[in-house]
Amino acid sequence: MYKVDLNSDLGEGAAFDADIIPLITSANIACGFHAGDSDIMAATIRLCKDNNVAFGAHPGYPDKENFGRTNMDVTPEQVYNMTLCQLGSLDAMAKAQGKKLQHVKPHGAMYNMAAKNPELSMAIANAVKDFDDSIILLALSGSEMINAAKKVGIKYASEVFADRAYEADGTLRARKLEGSMITDENEAISRVIRMVKEGKVTAYTGEDVPLEAHSVCVHGDSPKALDFVKALNKAFKENDIQTVNLAEVIK
């Protein structure tokens with residue numbers, strides 16, 4: 001039987017977190033920089049706790065106006081400090097509820113910039129190591145963040161995306177470009193099944209791209225997304241794929 005984690009970016013102010021959380025195995029909780037606040041963080045942790053769902057920090061750039069999706073001119077030191085600050089904030093909220101962070105997954109522009117930039121990736125990996133080296137770094141399969149995690153000696157998990165197109169080098173196709181999103185539900189599901197079982201995805205330009213699929217990201221910010229997550233879970237069962245949290249996938 002195959003095993004995979006199913007994660008979603010939550011605590012970002014969407015109305016559907018309570019519906020999505022019972023359907024996933026790991027939640028990435030916004031830490032107030034790109035979205036969310038202390039009240040939303042506490043409430044999202046409580047939802048995860050009540051549904052026995054593992055969770056981690058989802059740090060981003062301080063850019064609520066653009067939802068953390070605008071590239072910023074930042075130094076590795078700044079990215080290190082941003083990551084550390086947001087890890088500390090969510091960890092404090094988690095400890096107050098008797099829980100611990102499972103992982104950290106950068107958000108938006110921070111995620112995409114670090115995926116290609118070794119220095120930014122090392123800043124994130126070192127922040128995780130210095131904060132708590134038992135925390136898993138969840139990052140794009142084959143990215144510089146995965147390389148950085150290996151270099152500093154922390155646990156890592158490779159992430160793939162259900163609804164995003166890939167370039168031939170394994171990076172995600174930029175949202176501003178045509179064809180960046182996979183809008184057909186059946187196509188998205190078939191791509192995910194292949195990623196998990198074969199370790200491959202077809203790039204926008206037609207090439208097969210090798211990848212590692214420890215965790216699948218689904219976006220849960222619309223009513224349609226709920227139906228998609230349900231359909232994806234059904235497809236997993238039909239294809240002998242068990243959903244478990246990150247710690248169990250990579251052990």
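This is a predicted model: local features need pLDDT of at least 70, side-chain atom pairs count only at pLDDT 80 or more; totals for chains, interfaces and linings use all residues.
Residues are numbered from 1 along each chain as its sequence is written.

**Exercise 1. Strand β2**

Task: State whether strand β2 (residues 26-30) is enclosed or open, and find its partners.

Solution. 
- Step 1. Helices (H or I, at least four residues) and strands (E, at least two) are DSSP runs, numbered from the N terminus.
- Step 2. Buried means under 20% relative accessible area, exposed over 50%, and partly exposed in between (1.4 Å probe, protein chains only). Five of the five residues of β2 are buried, so the strand is largely enclosed by the rest of the structure.
- Step 3. In a regular strand the side chains alternate between the two faces of the sheet. In β2, S26, N28 and A30 lie on one side and A27 and I29 on the other, and all are buried.
- Step 4. Two strands pair if DSSP finds at least two bridges between them. β2 pairs in the parallel sense with strand β1 (residues 2-10) over four bridges, and L10 stands opposite I29.
- Step 5. β2 also runs parallel to strand β3 (residues 54-58), joined by five bridges. Here N28 stands opposite G56.

**Exercise 2. The surroundings of S158**

Task: Locate S158 and describe what its side chain meets.

Solution. 
- Step 1. S158 sits in strand β6 (residues 156-161).
- Step 2. S158 counts as buried because its relative accessibility is 1%.
- Step 3. Contact means heavy atoms within 4.5 Å. Leaving out residues up to four places away in sequence, S158 touches L138, A139, S141, I146, E212, A213, H214 and S215.
- Step 4. A polar contact is a pair of N or O atoms within 3.5 Å; within protein, one must be able to donate a hydrogen and the other to accept it, and residues adjacent in sequence count only if both atoms are side-chain atoms.

**Exercise 3. Cysteines**

Task: How many disulfides does the whole structure hold?

Solution. 
- Step 1. A disulfide is a pair of cysteine sulfur atoms within 2.5 Å.
- Step 2. A search of the whole structure finds zero.
- Step 3. For C85, the closest cysteine sulfur is that of C31, at 9.0 Å, so the distance is too far for a bond. C85 is partly exposed, at 40% relative accessible area.
- Step 4. C217 is in no disulfide either; the nearest cysteine sulfur, in C48, is 14 Å away. With 0% relative accessibility, C217 counts as buried.

How values were computed
Side-chain values use heavy atoms; hydrogens and water are left out.
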